[in-house]
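My plan is to go from the overall fold to single residues.

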Amino acid sequence: MPEESPVKPDGATVTEEFQGVSFKVVKADKQVTISPSGLTGDNSPVSAALNGSVKSIEVADINADGSPEIYIFTTEDGAEKRAGLIAFSANNKKSLSAIFLPPIEDDKANAEGYRGQDEMAVVEGIIARRFPIYASDPGQLEPTGKIRQLQYKLTPGEAGWLLKLDQSLEF
């Protein structure tokens, strides 16, 4: 499995290659541009807004379909340091399609106790999101000492790809 990229300063270029497809990632100001090469159809660059900073970049094939995905893990500015994701899949190595991760707030049960400070990574065929759990009392400023890990699998969506919750663990 490809290694996690070191984070480069804004304006720097990172190139990742996996399964014969390269992804050149350029971050400048509040935008990330991904320029693919090696696709048989459309190698047009795609851009996405960046709300914070890039924490890491990984390429993988978590759905094991023979076409790689690129995952750009971000951290929002501010006290909560919420994790974010910019991701694209190389559909049958022809063109890029967006990968959507539903907001954690849409999952009431797993969002309980969430106050940011989360991390995401590619881990053995899933996207893992891990964060400290806080008490429901907003006056309680320290986490409970427990960690929640949400595990997402890549599934086809209506207009692209969807990271669908597969499992929730607490420890």
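This is a predicted model: local features need pLDDT of at least 70, side-chain atom pairs count only at pLDDT 80 or more; totals for chains, interfaces and linings use all residues.

How many helices and strands does the chain have? I count one helix and 12 strands. I took helices (H or I, at least four residues) and strands (E, at least two) as DSSP runs, numbered from the N terminus.

Ground rules next. Residues are numbered from 1 along each chain as its sequence is written, and side-chain values use heavy atoms, with hydrogens and water left out.

**Entry: overall fold**

I read the order from the N terminus as β-β-β-β-β-β-β-β-α-β-β-β-β. I then looked up the radius of gyration, taken over C-alpha atoms. The chain has 16 Å, which agrees with the value near 16 Å for a compact globule of 171 residues. The globule rule is 2.2 Å times the number of residues to the power 0.38. Along the principal axes, the C-alpha atoms fill a box of roughly 55 × 30 × 25 Å.

**Entry: burial, contacts and charge**

Buried residues are 44% of the 171. My classes are buried under 20% relative accessible area, exposed over 50%, and partly exposed in between (1.4 Å probe, protein chains only). The chain exposes about 8,900 Å², and carbon and sulfur atoms supply 49% of that area. Areas come from the Shrake-Rupley method with a 1.4 Å probe; for residues, only the protein chains shown count as cover.

I checked contacts (heavy atoms within 4.5 Å). Of those with a separation of 6 or more, 40% join residues 24 or more positions apart.

I find 17 positive and 26 negative side chains, with the centres of the two sets 1 Å apart. Lys and Arg count as positive, Asp and Glu as negative; His and the chain ends are not counted. Each charge is placed at NZ of Lys, CZ of Arg, CG of Asp or CD of Glu.

**Entry: R129**

Is R129 buried or exposed? R129 is buried, because its relative accessible area is 4%. This arginine lies in strand β10 (residues 126-134). What does its side chain reach? I find the backbone oxygen of A83 at 3.3 Å. The R129 side chain also makes a polar contact with the D118 side chain at 2.8 Å. A polar contact is a pair of N or O atoms within 3.5 Å; within protein, one must be able to donate a hydrogen and the other to accept it, and residues adjacent in sequence count only if both atoms are side-chain atoms. Beyond four places in sequence, R129 contacts include L101, Y114, R148 and Y152.

S89 sits in strand β7 (residues 83-91). S89 is buried, at 0% relative accessible area. Among the residues S89 touches, leaving out those up to four places away, are P68, L96 and W161.

V46 belongs to strand β4 (residues 46-49). V46 and V26 are 20 residues apart along the chain, and their C-alpha atoms are separated by 11 Å.

**Entry: positive phi**

Where is K93 found? I place K93 in the loop between β7 and β8 (95-100). K93 is not a glycine, yet its phi is positive, about 60°. K93 counts as partly exposed, at 26% relative accessibility.

E124 has a positive phi near 45° and is also a residue other than glycine. E124 lies in the loop between β9 (119-123) and β10. E124 is exposed, with a relative accessible area of 76%.
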